[in-house]
Amino acid sequence: VIIVVNIGLIWWETDYRAQCYPNWADEVDSCPFDPDKLDWLNWSNRVLLAIYTLEAMTRIYAQRTQYFQNRWNILDFFVVCVSYITLGIQDIAGVGFLRIF
């Protein structure tokens, strides 16, 4: 259920941001449809990241070294790490594509 909610938020956010084009293509920062300006969306993304982090930490604790032998677990761990990196470097242009992970 959480993954479906997350996919729905990503879909809505992308559709909302798409309203900036072509009218504000040259001035994206002044677009009124910038999802980065929506506090509820930023908080919901952080809550979902916290849930995914808790899941990864719990599985690492339970499975120990076995955790990194499963490729899906490695993918989950990579996604969580990339999400934290994108939170830290959000203001750098050109890294927005990393949020798809």
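Phenylalanine 68 is partly exposed in this predicted model, at 40% relative accessibility, where buried means under 20% relative accessible area, exposed over 50% and partly exposed in between (1.4 Å probe, protein chains only). Tyrosine 67, by contrast, counts as buried at 1%. Residues are numbered from 1 along each chain as its sequence is written. The model being predicted, local features need pLDDT of at least 70 and side-chain atom pairs count only at pLDDT 80 or more, while totals for chains, interfaces and linings use all residues; side-chain values use heavy atoms, with hydrogens and water left out.

Rings of Phe, Tyr and Trp (its six-membered ring) pair if their centres lie within 6.5 Å, with planes under 30 degrees apart counted as stacked, over 60 as edge-to-face and the rest as tilted. The count comes to six aromatic pairs. Tyrosine 16 and phenylalanine 33 form an edge-to-face pair, 5.7 Å centre to centre and with 85 degrees between the planes. This pair links distant parts of the chain, 17 residues apart: tyrosine 16 lies in helix α1 and phenylalanine 33 in the loop between α1 and α2 (helices are DSSP runs of H or I, at least four residues, numbered from the N terminus). Tyrosine 16 is buried at 18%, whereas phenylalanine 33 is partly exposed at 26%.

Aspartate 34 is in the loop between α1 (2-18) and α2 (39-63) and counts as buried at 10% relative accessibility. Its side chain makes a polar contact of 3.3 Å with that of arginine 17 (N or O atoms within 3.5 Å; within protein, one must be able to donate a hydrogen and the other to accept it, and residues adjacent in sequence count only if both atoms are side-chain atoms).

Definitions and conventions: Helices (H or I, at least four residues) and strands (E, at least two) are DSSP runs, numbered from the N terminus.
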